[in-house]
Each structure stands twice: as structure tokens, then as C-alpha cells.
Amino acid sequence: MSSSESVRKTETIPQWKRDEVEELTTFIEQYDAVGIVGVEGIPSRQLQLMRRDLHGSAELRMSRNTLVVRALEAVDEGVEQLTEHVAGQIALIGTNDNPFALFQQLEASKTPAPISAGEVAPNDIVIPEGDTGVDPGPFVGELQQIGADARIEEGSIQVLSDSTVLQAGETVDADLEAVLSELGIEPKEVGLDLKSVYSEGVLFDPEELEIDVEAYREDIQSAAAAARNLSVNAEYPTAQTAPTLIAKATGEAKSVALAAAVESPDVVDTLISKADAQVRALANQIDDPEALPEEGKPDRRSRGPPRRASSG
């Protein structure tokens, strides 16, 4: 394309589109992480609530897909890789938090919702075992019609076992919608569906961000404890293990000094106490007071006056 053709093509773009692309570009550039989220099927009111809940941690920006693509390509720097996820009803999301925290926040914000006839089941739909709370009547036949193991027992309609009534990927019909509505079962989740996020030169897919935070933390703590034990056992000093190694060495040195009766200032008091205890134990086994040193002899005053021999 020649430069003149390029100019003519640019001139045909309405000003409002240019302004919108510029605003989207600014939005993309001001955040450390930018992603694409699916918003299909989310009612307007609920979407507004989600925007409010994200306030302070992330921001949503909706626009035409073609303009979003233009903005991503204008920024370039790797973020243009997100264009392959711009399809259907989507929005840009920006955050200065890390992608893992963003994914966890979006997943936690999802809420159960009813499913309508004509929709595709996102997962297996199961009627759980138990009392439906519905009085005996035609509803038991409706349950059986959709494949639930239902019977009338003890004055109410019971589901005798967990019953999978629709497989993931299959389409919900009107009969199933009516039964689910009667039972109050909401088999799908409504929320912002993160399709991909770009941060610090890396493009993350949702599968890469879906981690068990608690299990991950426990793994790190376990690995850190094992590394610490290895360092101590191998006598390899680090900033974390040096105090433990010094305390261990001090204890071992003290034990050697006590066993060898080394008159070190650190153990002399203990040696004296040990010797005193040994002397006292020995004194308790000697019957002849004259054989004892003066400080080891029993206190005669505690025994009262000597007994006088009786006459006669």
C-alpha cells in the first residue's frame, strides 16, 4: 500500500474511533498486567456490581472488538498477542497486581446462576440425592422424564441417588429448565471469564494461573524446612541457619568440656556443682564421720546432746 493510500484510509476513520483507540491505548499502557475477559451472558446490573467490586484492584474497559484490536496492536510490545482472544463479548481488564492474584479474584467473584433452555451446559448437571421438599404430585413424573431417579416416599418426592440429567456440552431444554427452577438448582457460574493476561513480557493462559494457593504455600514451607534441615545437618552456614549451627556447636562444645572436666569459664560453675553433688552422694554412703572432710561432717547440734551411759 502506498503512503498516499495509507493517508486516505486513515482519513476515512471517524474521529470518535480515533479518540476511542487513543483512550484504549492509554488504558493498556497504564497497567502492569492487561487481560481479556469474557462478559457474555452477564446481566448489565450484575456487570456494574462486578465493576464496583473490582474498584481499587482492577479496572474494566469495554469497547468494540475492532477498536480493542487496533489499540493492542498500537501498543505492541508483546501485548498484541492478546488479539487472538478478542472474540465474542469481551472487555479489557487492567491491574497492577500479579496475574495469579487477578485470576483468583475473578474466580472468587463468580456466583451461581440459573440456566435457560437453549444454553449449553458448562458442566454435568446433577440432581442430588435427597428430599426435594415437593409434595407428591405430577412433579415426580417430570423428574423421571429428565432422567432423575425419583420416587414418592414418606409423603414427599425423593431423589434416591445423585442423578446426572445432562452432560457437559449438551443443550438444556425447556423441561430441564423447569425442573431446575422448581428445585432451585443453579448449575452455572456467572462472572468475568479470564481468557488471557499479559504481564511483564509473558502471556498467561487461565490454566497456568489456576493454582491451589494453600497447597502451593504448604509446598514452599515444606521445601524451606527441608533445605534448612539439610543445611544444618551438612553444617553449611547460611544467614538463616548460622544461629542454629552456632547454638548447636556451643552445646556440643559444652558437653565435651563437661565430660573432660575442662576448667573453662563457661563450664566451671557446672563442674563445681557436679563435683559437689558427687561428694555429697559419697558422704551419704560413709558411716565414719571422721573419714569425712569438715564441711562434709553432719551437724552435731542437730542431733542434740550426747547420750550419757546409764549406771548400773
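Two strands count as paired if DSSP finds at least two bridges between them. By this criterion, strand S2 (residues 58-61) and strand S3 pair in the antiparallel sense over 4 bridges. Strands (E, at least two residues) and helices (H or I, at least four residues) are DSSP runs, numbered from the N terminus. The model is predicted: local features need pLDDT of at least 70, and side-chain atom pairs count only at pLDDT 80 or more, while totals for chains, interfaces and linings use all residues. Residues are numbered from 1 along each chain as its sequence is written, and side-chain values use heavy atoms, with hydrogens and water left out.

**Strand S3 and its partners**
- Strands of a sheet pair through backbone hydrogen bonds, either parallel or antiparallel.
- Strand S1 (residues 33-38) runs antiparallel to S3 and is joined to S3 by 6 bridges; Val34 has Gly94 in S3 as its bridge partner.
- In S3 (residues 90-95), 6 of 6 residues are buried (under 20% relative accessible area with a 1.4 Å probe, protein chains only; exposed is over 50%, and partly exposed lies in between).
- One side of S3 carries Ile90, Leu92 and Gly94, and the other carries Ala91, Ile93 and Thr95, so that both faces are covered.

**The open sheet S6-S8-S7**
- An open sheet is formed by 3 strands in the order S6-S8-S7, with antiparallel pairing.
- Strand S6 (130-131) and strand S7 (150-153) are at the edges because each has a single partner strand, and one side of each is therefore left without a neighbour in the sheet.
- S7 and strand S8 (residues 156-159) are joined by 4 bridges, and Ile152 stands opposite Ile157 in S8.

**Aromatic pairs**
- The structure holds 2 aromatic pairs (ring centres of Phe, Tyr or Trp, the latter by its six-membered ring, within 6.5 Å; planes under 30 degrees apart are stacked, over 60 edge-to-face, the rest tilted).
- One of them joins Phe100 and Phe204 edge-to-face, at 5.8 Å centre to centre with 70 degrees between the planes.
- Phe100 lies in helix H5 (residues 99-108) and Phe204 in strand S12 (residues 202-204), 104 residues apart.
- Phe100 is partly exposed because its relative accessibility is 30%, whereas Phe204, at 16%, is buried.

**The lining of the largest pocket**
- Among the 23 lining residues (those with an atom within 4 Å of a pocket point), Glu40, Glu189, Val190, Gly191 and Asp193 lie nearest the centre of the largest pocket.

Technical notes
1 Å grid on protein atoms, 1.4 Å probe; cavity = no way out; pocket = protein on both sides within 12 Å on 5 of 7 lines; lining within 4 Å.
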